[in-house]
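Colleague: Please show me the model. I would like to go through the ligand and its surroundings.

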Amino acid sequence: MKTVIVIPTYNERENISTLLDRIDSLGLENVEVVVVDDNSPDGTWQVVEERGKRTVRIHLLRRMQERGRGLAGVAGFRHALDIGGSVVVEMDGDLSHDPSYIPDFLRAIENFDVILGSRFVKGGGSKGRSFLREFVTKIAASYIRVMLGFSVKDPTSGFRCFRREVLEEINLSTLTARGPFIVTEVLFRCHRKGFRIGEIPIIFEERTRGRSKLGFRVLLGNIFRVLKLRFTRH
Ligand SMILES: Nc1nc2c(ncn2[C@@H]2O[C@H](COP(=O)(O)OP(=O)(O)OP(=O)(O)O)[C@@H](O)[C@H]2O)c(=O)[nH]1
Ligand SMILES: [Mg+2]
């Protein structure tokens with residue numbers, strides 16, 4: 001059973017080596033990594049390319065024309081399927097998601113189709129986040145749960161694990177979100193298809209290096225994106 005870890009990056013030069021080291025040190029068997037970088041001006045892709053020369057387990061997808069967390073993630077999923085992944089883990093490249101949880105995901109996915117790394121189940125949480133940022137995340141989670149009918153506690157978590165069949169079924173080519181809203185759009189499809197969605201606790205750590213690409217305007221825009229998902233015929 002091959003596991004593929006998909007990491008979208010934009011200007012994560014200060015974080016990506018540490019993350020790849022940490023993944024290596026887990027010593028997991030049959031794991032490959034796909035970094036999807038949108039030709040970062042800080043040269044994140046160069047770091048990945050260099051490492052990729054030393055090991056066949058690291059793949060770089062360098063997107064030259066497009067920019068955006070959303071379709072970068074989708075490109076990563078496609079590549080993960082192409083190289084034969086039977087389980088696909090998606091995580092951020094800013095060290096907010098600790099790869100030492102990956103074995104927990106792999107255990108949990110045996111009984112589910114999708115596993116979310118959740119800040120809001122027992123044992124989960126966040127470190128280093130401001131009260132305001134945490135508050136916004138919680139309000140957004142409640143809003144999304146009510147509007148889209150999810151029972152999961154942390155629908156916007158970007159640390160996730162999917163069975164291959166899920167990514168084959170949700171029709172990747174018609175996903176529309178270009179930005180971080182993609183995580184909600186993907187979860188909505190999984191939910192509508194009736195896949196079993198589980199959660200495991202994770203401690204999310206606020207990034208300490210590099211800059212967040214998530215702006216206030218994007219967050220506000222998500223209010224409308226949720227409404228659009230809810231009221232569009234599918
Ligand atoms: N390929 C690609 N990756 C991106 C893009 N924007 C963000 N990312 C990556 O997506 C992940 C999450 O982005 P962040 O900027 O950390 O956003 P966030 O985690 O939602 O927000 P914070 O909590 O503020 O960090 C990181 O690994 C980013 O490098 C993009 O345009 N293209
Ligand atoms: Mg982040």
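Colleague: Which residue has a polar side-chain atom 2.6 Å from an oxygen atom of ligand 1?
Modeller: A polar contact here is a pair of N or O atoms within 3.5 Å; within protein, one must be able to donate a hydrogen and the other to accept it, and residues adjacent in sequence count only if both atoms are side-chain atoms. An oxygen atom of ligand 1 is also 2.7 Å from an N or O atom in the side chain of D94. The residue at 2.6 Å is S212.

Colleague: How is the model to be read?
Modeller: It is predicted: local features need pLDDT of at least 70 and side-chain atom pairs pLDDT 80 or more, while totals for chains, interfaces and linings use all residues. Residues are numbered from 1 along each chain as written, chains are lettered from A and ligands numbered from 1 in the order written, and side-chain values use heavy atoms, without hydrogens and water.

Colleague: How many residues surround ligand 1?
Modeller: A residue counts if one of its heavy atoms lies within 4 Å of the ligand. The closest are E12, R67, R129, S212 and K213. By class, the shell has five nonpolar, four polar and 10 charged residues (Ala, Val, Leu, Ile, Met, Phe, Trp, Tyr, Cys and Pro are nonpolar, Asp, Glu, Lys and Arg charged, the others, Gly among them, polar). The number around ligand 1 is 19.

Colleague: What share of the area of ligand 1 does the protein bury?
Modeller: Accessible areas come from the Shrake-Rupley method with a 1.4 Å probe; for residues, only the protein chains shown count as cover. Taken alone, ligand 1 exposes 630 Å². The buried share is 92%.
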